[in-house]
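Me: I should like to go through the reasoning behind several descriptions of this model. Please set each value against the criterion it has to meet.

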Amino acid sequence: MNDVSLYESWFLWLGVASVLIIAAATLLLLVNAAARRILKLALAALNLVVEIRKNTDSIWGLQQTNEVAGKILKGSGDIKDHLTLVSDALHELDLKK
């Protein structure tokens with residue numbers, strides 16, 4: 001191999017290496033930009049999740065509210081039953097007079 005062909009090969013491979021390095025650097029910059037966009041969107045999504053959680057916290061209290069309402073309903077039924085007994089007893093007393 002003479003000097004001219006050696007220099008030609010060296011410059012050829014230097015060009016190939018330069019193109020590969022530029023392509024790799026471009027891909028790394030694109031990946032970095034995509035990662036930053038993903039991070040930005042993930043933070044926005046996280047803020048939305050926090051808002052949704054705040055807005056739906058009251059739903060979790062519905063079970064307890066329903067239990068309390070059921071107890072109140074049962075209590076009012078018991079009161080109605082006792083009032084019926086008292087009313088019947090008073091009615092019987094009134095009939096005996």
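Me: What makes Lys 54 and Glu 51 separated by about one helical turn?

Reply: The model is a predicted one. Lys 54 and Glu 51 are three residues apart in helix 1, and therefore about one helical turn lies between them.

Me: Why is the contact of Lys 54 and Glu 51 called a salt bridge?

Reply: The criterion asks for a side-chain nitrogen of Lys or Arg within 4 Å of a carboxyl oxygen of Asp or Glu. Between Lys 54 and Glu 51 the N to O distance is 3.1 Å, so the pair meets the definition of a salt bridge. The structure holds two salt bridges.

Me: Which side chains form a salt bridge at 3.2 Å, N to O?

Reply: Those of Lys 74 and Asp 78 do. Both residues belong to helix 2 (residues 62–96), where they are four residues apart, about one turn of the helix.

Me: How do you know that the span of helix 1 agrees with its number of residues?

Reply: At 1.5 Å a residue, its 58 residues should span 86 Å. The end C-alpha atoms are 82 Å apart, so the two values agree.

Me: What makes helix 1 hardly covered?

Reply: Among its 58 residues, the count of buried residues is zero. One of the residues in helix 1 is Leu 39, which counts as exposed because its relative accessibility is 51%. Leu 39 also contributes to a nonpolar surface patch of about 460 Å², together with Leu 43, Leu 46, Val 49 and Val 50.

Me: How many aromatic pairs are counted, and why is the pair of Trp 10 and Phe 11 called edge-to-face?

Reply: The count comes to one aromatic pair. The ring centres of Trp 10 and Phe 11 are 5.1 Å apart and their planes stand at 80°. Pairing requires centres within 6.5 Å, and edge-to-face requires planes over 60 degrees apart; the pair is therefore edge-to-face. Trp 10 itself counts as exposed, because its relative accessibility is 51%.

How values were computed
Residues numbered from 1 in each chain as written. Predicted model: local features only at pLDDT ≥ 70, side-chain atom pairs only at ≥ 80, totals over all residues. Heavy atoms only, no water. Patch = residues over 30% accessible without salt bridge, like charges linked within 9 Å, V, L, I, M, F, W, Y side chains within 5 Å. Areas by Shrake-Rupley, 256 points an atom, 1.4 Å probe, with all protein chains shown as cover. Helix = DSSP H or I, 4+ residues; strand = E, 2+ residues; numbered from the N terminus. Buried < 20%, exposed > 50% of the residue type's maximum accessible area, 1.4 Å probe, protein only. Phe/Tyr/Trp six-rings, centres within 6.5 Å; stacked < 30°, edge-to-face > 60°. Expected span 1.5 Å × (residues − 1).
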